[in-house]
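Please keep the sequence and the 3D view at hand while reading.

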Amino acid sequence: MSAVIDRQAVCGPVPQYPIAQAYEAGVVPIRFSGWPAAQPAPVYAALEGERDTDVVVVGAGLAGTSLTLHLAERGVRTVLLEADQPASGASGRNAGHVQPYLSSFEPLRAHRDEGRRFIETFTEQRNIVFELSRKHGLAADVEACGLLEVARRPQAALERQARLWKGMGYDVELVGGARVQEMLGTTLYIQGLHWREGGRVNPYLFTQGMAASAVRAGASVYGNSCVLACERDGSRWRVRTATGSVRAARVVLCTSGHAGNGFFPELARTQFPLVACGMATRPLPAAVLDAINPARVTLMQYPAGLYPLVIDGRGRLITATIPRHRQAQCAEVHFADFVRYLRRTYPGVGDAPIELESYWTGMTANSSSAYDAAYPKLYQVEQGVLALMNLGSWGNLMGPLLGMDLARALVADRPDDAILPLEQPQSVRLPGRFETKIRRVLIPAARLADRLDLV
Ligand SMILES: Cc1cc2nc3c(=O)[nH]c(=O)nc-3n(C[C@H](O)[C@H](O)[C@H](O)COP(=O)(O)OP(=O)(O)OC[C@H]3O[C@@H](n4cnc5c(N)ncnc54)[C@H](O)[C@@H]3O)c2cc1C
């Protein structure tokens with residue numbers, strides 16, 4: 001089977017969206033994101049004419065750039081095709097957290113070995129973001145500053161996590177209110193799980209950096225090259241864009257939650273989409289940052305991560321949340337919520353001015369409607385065509401890790417040896433139900449509970 005789709009349906013330019021719809025769909029132009037640097041990023045030219053290669057990777061996010069980089073490093077001729085420019089999807093729009101642990105092992109029970117290899121590889125490679133940055137000299141503002149997950153009540157789940165991961169060799173500790181207060185400028189949280197691992201990254205610069213490193217390693221990267229069709233060509237595949245085509249033995253789709261899965265429409269039905277919004281303040285004086293997070297640790301709240309927080313290298317607070325129903329475009333509403341939360345939680349902030357620098361949205365693609373069960377997927381779409389996608393809300397570590405692992409398996413010509421099991425794409429039932437549950441029920445309830453001191 002092959003499929004051809006209408007160009008406008010897949011890669012229509014964003015301006016054709018009314019702006020409110022672009023925010024809802026998480027496709028506002030990437031310049032809206034707070035992560036691109038002031039200096040312009042390299043522009044990758046569009047594919048022209050016909051080419052021949054070993055592997056075509058479609059989609060230059062965290063997954064696709066990592067896969068391309070690791071294939072090229074192993075000497076595999078690889079062409080990466082991106083509809084826009086690298087990092088313009090979810091990877092250039094996320095909250096910058098590098099989470100070094102797994103929230104739940106439950107979904108791994110479906111793996112042949114109950115997830116043993118997955119867990120081993122994940123724990124071994126938990127520093128991959130920092131290591132790749134070091135190895136390739138990526139200027140991606142990465143910091144292994146650790147993570148602190150804080151709660152307003154003692155939480156048995158945090159205690160369990162501490163025991164479990166400490167037993168697995170992690171540098172993690174359950175801390176009480178006094179220590180939380182030393183690390184943060186608030187007495188509101190009385191318990192914390194302090195991971196002295198993981199941290200933060202500028203995901204746009206990191207993804208761009210992997211694309212540039214892939215080129216240095218011998219890969220070809222094309223921007224403005226939306227894939228319109230993927231057709232059989234003898235024993236190989238021909239991948240077409242508006243201006244060229246590439247023939248290859250293998251194709252790997254890393255297109256995530258974008259409409260670009262249209263040429264294999266079954267992939268679009270494998271996921272529960274959830275829109276999220278990101279916000280970056282203008283750089284703040286050290287005194288204000290010290291009133292919030294003197295330890296400069298990456299921060300999450302438990303049980304509901306209402307405002308995960310990083311302080312980046314420019315002294316900005318960066319957060320992400322789920323926008324209110326039908327208000328994804330309302331930057332001022334969401335920023336006012338955030339600033340209210342900051343002033344209520346961190347009294348040391350007082351009435352210091354906090355201004356919005358950037359507001360944007362992005363789309364997460366989740367394989368399950370249960371948050372902790374949303375593990376990434378590796379699909380066998382056709383013979384020779386794979387899809388690595390549905391990275392949920394933890395692509396910063398999973399993208400580089402799974403891209404590297406799939407490259408290893410492809411070089412061995414054993415895609416079935418990847419740490420993710422090869423699955424057939426399966427339609428999920430009621431894809432909108434995850435968004436309804438999170439956006440219309442759980443997050444509004446959590447915001448209210450937080451305000452009323454009920455959590
Ligand atoms: C607001 C927000 C906050 C988040 N916070 C975090 C966090 O703190 N930590 C974390 O680990 N994760 C976080 N995530 C999740 C993380 O960003 C994603 O899991 C990750 O970026 C997914 O990477 P990807 O490579 O699969 O997809 P993407 O980055 O979306 O890349 C897919 C690419 O495919 C391209 N494409 C689509 N169709 C075509 C086509 N037909 N032809 C060519 N190219 C095509 C797109 O243009 C896009 O560039 C967050 C996500 C959002 C939206």
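The sections below treat the basis of the model, the ligand site, salt bridges and a surface patch.

## Basis of the model

The model is predicted: local features need pLDDT of at least 70, side-chain atom pairs count only at pLDDT 80 or more, and totals for chains, interfaces and linings use all residues. Residues are numbered from 1 along each chain as its sequence is written, and side-chain values use heavy atoms, with hydrogens and water left out.

## The ligand site

Helices (H or I, at least four residues) and strands (E, at least two) are DSSP runs, numbered from the N terminus.

A polar side-chain atom of Ser 91 lies 2.5 Å from a ligand oxygen atom. A backbone N or O atom of Val 227 lies 2.8 Å from a nitrogen atom of the ligand. On its own the ligand has 1,000 Å² of accessible area, and the protein covers 95% of that (Shrake-Rupley method, 1.4 Å probe; for residues, only the protein chains shown count as cover).

## Salt bridges

The structure holds 35 salt bridges, each a side-chain nitrogen of Lys or Arg within 4 Å of a carboxyl oxygen of Asp or Glu. Arg 250 and Asp 413 form one of them, with their closest N and O atoms 2.7 Å apart. This pair links distant parts of the chain, 163 residues apart: Arg 250 is in strand S14 (residues 250–253), and Asp 413 is in the loop between H12 and strand S22 (422–423). Arg 250 is buried at 17% relative accessibility, whereas Asp 413 is exposed at 54% (buried is under 20%, exposed over 50%, partly exposed in between; 1.4 Å probe, protein chains only).

## A surface patch

Leu 448, Leu 452 and Leu 454 form a nonpolar surface patch with about 310 Å² of accessible area together. Patches are made of residues with over 30% relative accessible area and no salt bridge, like charges being joined within 9 Å and nonpolar side chains (Val, Leu, Ile, Met, Phe, Trp, Tyr) within 5 Å. Leu 448 lies in helix H13 (residues 433–451) and is partly exposed, at 42%.

Technical notes: A polar contact is a pair of N or O atoms within 3.5 Å; within protein, one must be able to donate a hydrogen and the other to accept it, and residues adjacent in sequence count only if both atoms are side-chain atoms.
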